[in-house]
Amino acid sequence: MKERNLMEIIEIFDQNQKSSICNRILRGLPEWFGNEKPIVDYTAKVRDMPFYIALQEGEPIGFLAVKIQNPDTAEVCVMGVLKEYHRMGAGARLMSCAEQYCRRNGHQYLTVKTLDSSAVFEPYERTRKFYKNMGFVPLEVFPLYWDAENPCLFLAKHLSCADSR
């Protein structure tokens, strides 16, 4: 069993390193990222975003990229944790870093988009549960945001000042 106390979270600034880690992790998660186009798109997008990685014994096991939407709102653009490290705290620690970044930069809201439950697919049931456990609430479903088979659930979390202490 992998030990969570050996896990480290760091921010990455090098654009090529961001792309490389994003590509490697997403390709290791075919249940969630099984199509080539989104992987290529995310790999390009993350280059210019705040980017955090989870390291286990020096190896990247997960990441989270933050997209700035406007002065009040940021979005979890993409995140992934290798499946063998799920439920070990990496996702929660990455989310905590994203929230801290948002608070430091005056963003009141953190949002995320994921697959809605009307598209029954077990891996995304776990994803929605993770976001709920992180304090996100569902706001709206956009049935055609991605396409008819993949309805988009839009969730948000208010980052109150009390949370920043």
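**Close-up views of a predicted model**

View 1. Phe-130 counts as partly exposed because its relative accessibility is 23% (buried means under 20% relative accessible area, exposed over 50%, partly exposed in between, with a 1.4 Å probe and protein chains only). This is a predicted model, in which local features need pLDDT of at least 70 and side-chain atom pairs count only at pLDDT 80 or more, while totals for chains, interfaces and linings use all residues. Residues are numbered from 1 along each chain as its sequence is written, and side-chain values use heavy atoms, with hydrogens and water left out. Phe-130 belongs to helix α4 (helices are DSSP runs of H or I, at least four residues, and strands runs of E, at least two, numbered from the N terminus). Leaving aside residues up to four places away in sequence, Phe-130 touches Met-79, Gly-91, Ala-92 and Met-95 (contact means heavy atoms within 4.5 Å).

**View 2. Helix α3.** The 15 residues of α3 (residues 90–104) should span 21 Å at 1.5 Å a residue, which agrees with its end C-alpha atoms being 21 Å apart (the expected span is 1.5 Å times one less than the number of residues). Among the buried residues of α3 are Gly-91, Leu-94, Met-95 and Tyr-101. Just after α3, Gly-106 has a positive phi of about 80 degrees.

**View 3. The sheet.** Seen here is an open sheet of 7 strands with mixed pairing, in the order β1-β2-β3-β4-β5-β7-β6 (two strands pair if DSSP finds at least two bridges between them). Its edge strands, β1 (7–12) and β6 (137–147), each pair on one side only. Strands β4 (residues 73–81) and β5 (residues 109–115) pair in the parallel sense over 4 bridges. Val-112 in β5 is the bridge partner of Val-76.
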